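Hi everyone, thanks for coming. Please have a look at the sequence and the model on the screen, and then I'll walk you through it.

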Amino acid sequence: MDEIPKAKHDHGPLKFPEHFLWGTATSAHQVEGNNTNSDWWEWEQRKPLDKQSGKAADEYNRYDEDFEIAKSLSLNSQRISIEWARIEPVEGQFDQSAIDHYKLVLKSLKAKHFKVMLTLWHFTLPKWIADIGGWENAQTTDYFLRFIERVVPEFDDYVDFWVTLNEPGVYAFMSYLQGFWPPQKKSRWAALRVQWNLAKAHQKAYKLLKMQSRHPVGIAQNMQSFHSSHKHSIIELASVYVSDIITNHAFYKLTGYDTHDFLGINYYFHHRFNRRDKFLPTVEDAREQHRDISDLGWEVFPEGIYDVLMDISNHKPIYITECGIASTNDDRRTRFLIQYLSEVFRAVESGVRVKGFFYWSLIDNFEWDKGFDPRFGLVAIDYKDQQRTVRASAYVYSEIAKHNQMPHSLLRLLGHTVRVEEVLCYMHDKPKALCQHFNT
Ligand code: FCB
């Protein structure tokens, strides 16, 4: 008879797999500033000043300084994106100076020994593409392929992973179904078309990239965790099932898993369906229920990342291409990191091939239609003078990255309200002055 494995009673550190990638993610439009030839820029001009990206974090000029900070935090990888609107501001006219700029950016990363994940499209389009219908127009795929064909040979030496598209489903939803983002359509048909065209674009881009580069290719997919409030409610359970298929799996079904060398997962959302006294269930409002939420009202639900990882796990390597919290309270970011990373660890222990984690974001950023208020950064930006200040939570993340493990002692802090100073005292390199306050 097979021996029943004994339950572990392990109080050691949570050791992540060897060569685990510890990084942060940004996207060009959200940090660079002055992305004047894009559809988003044009759209923002009709918005109040605080909803315009303007100079953003001036990353276009300050990338080296920021990568230096990331390096000093012992991170070993970075995910960034390039801006199509800068490289091809006019149809068919590629701007060599923009290409050269991005080469410098990538070289700066490589000089600091980062593994580089490069996103080719992260929500923004050149204005001229938007004018011909953007991703609603199937022709956009041809232009996207031409763009890829032009840039990949220029950048391939400095890139380790290619991400063709960022969150195609979120884009279709926000821009074409809900109408929150440009071009602000509210049409199911347009959203479906966009989703379809993006799937075709990825398939073709994958093929092309495989001819041009030997580096792995994937997408960054927004995966969401769904639950029912009542297990006995078949209708709630059906809603969970349908939402999971549409949100998490449809794009992979449309493109086929064989066009993904790895699975890139952005995790932010957890939803509970509740029927109450109606026939069709609705999603509960985390705020009303007094659940733990971020400054954007998004529920903090660490188990959700375990849930989506277990759900998507197949034989492919998985990278958490984004995960982070908008909070002006850095203690909460610290707690978030400890909680979410321990859930990622749990998934690894359960056999999921997670190979890296990119916190969103390295620096505070322009959060699309929400403007500059949400603070996601490990590094704070003062938008008055572009001053960078490393937040204490960054040091917690840094300690975990440096040792590729989470000290078990951190987990015991989860039971009560975590203060980042206290957390730092539990780490390896204790800042002495700080730790006098605590009995450690
Ligand atoms: C993701 C986007 C990213 C950022 C984070 C908070 O959905 O990919 O650009 O806005 O949310």
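I'll go from the inside of the chain to its salt bridges, then to the backbone and the surface.

First, some ground rules. This is a predicted model, so local features need pLDDT of at least 70 and side-chain atom pairs count only at pLDDT 80 or more, while totals for chains, interfaces and linings use all residues. Residues are numbered from 1 along each chain as its sequence is written, and side-chain values use heavy atoms, with hydrogens and water left out.

Let's start inside. In soluble globular proteins, nonpolar side chains tend to be buried together. By a nonpolar core I mean a set of buried Ala, Val, Leu, Ile, Met, Phe, Trp, Tyr and Cys residues joined through side-chain atoms within 4.5 Å. Buried here stands for under 20% relative accessible area, exposed for over 50%, and partly exposed for anything in between, with a 1.4 Å probe and protein chains only.

So, which residues touch the most other members of the largest nonpolar core? They are Trp22, Trp121, Phe144, Phe155, Leu309 and Phe357, out of 115 residues in that core. Helix H9 gives the largest share, ten residues. Helices and strands, by the way, are DSSP runs numbered from the N terminus: H or I with at least four residues for helices, E with at least two for strands. Apart from this core lies another, of 15 residues, including Ala25, Val163, Tyr268 and Tyr319.

Now pick out Leu309 from that group. Leu309 touches Ile265, Ile318, Ile320, Val344, Ala347, Val352 and Val354, leaving aside residues up to four places away in sequence. A contact means heavy atoms within 4.5 Å. Leu309 is one of the buried residues of helix H11, residues 303-312, together with Gly304, Ile305, Tyr306, Val308 and Ile312. What do these buried residues pack against? Their partners are strands S6 (217-228), S7 (263-274), S9 (318-323) and S10 (354-360), plus helices H10 (234-255) and H12 (330-349).

On to charges. Side chains of opposite charge can pair when their charged atoms come close. A salt bridge, for us, is a side-chain nitrogen of Lys or Arg within 4 Å of a carboxyl oxygen of Asp or Glu. The whole structure holds 27 of them.

Take Glu322 and Arg79 as an example: their side chains form a salt bridge with N and O 3.0 Å apart. This pair links distant parts of the chain, with Glu322 in strand S9 and Arg79 in strand S3 (residues 77-81), 243 residues apart. Are these two residues buried or exposed? Glu322 is buried at 4% relative accessible area, and Arg79 is buried too, at 0%.

Another pair is Asp292 and Arg332, at 2.3 Å from N to O. Here 40 residues separate Asp292, in the loop between strand S8 (282-283) and H11, from Arg332 in helix H12. Asp292 is partly exposed at 30%, whereas Arg332 is buried at 17%.

For a pair of neighbours, look at Asp50 and Lys51, whose closest N and O atoms are 3.7 Å apart in a salt bridge. Asp50 is partly exposed at 44%, and Lys51 is partly exposed at 24%. Glu42, Lys127 and Asp131 are linked in a network of salt bridges.

Next, the backbone. Where are the cis peptide bonds I want to show you? One joins Pro182 and Pro183, with omega about 10°, and Pro183 sits in the loop between helix H8 (168-177) and helix H9 (188-212). Another runs from Trp360 to Ser361, with omega near 15°, and Ser361 belongs to the loop between S10 and strand S11 (379-382).

Asn34 has a positive phi of about 50° although it is not a glycine. Its place is the loop between helix H1 (28-31) and helix H2 (39-44), and Asn34 is partly exposed at 42%. Ser74 has a positive phi as well, near 70°, in the loop between helix H3 (59-72) and S3.

Last, the surface. Tyr241, Val242, Ile245 and Ile246 form a nonpolar patch there, with about 390 Å² of accessible area together. Patches are made of residues with over 30% relative accessible area and no salt bridge, where like charges are joined within 9 Å and nonpolar side chains (Val, Leu, Ile, Met, Phe, Trp, Tyr) within 5 Å. The areas come from the Shrake-Rupley method with a 1.4 Å probe, and for residues only the protein chains shown count as cover. Tyr241 lies in helix H10 and is exposed, at 57%.
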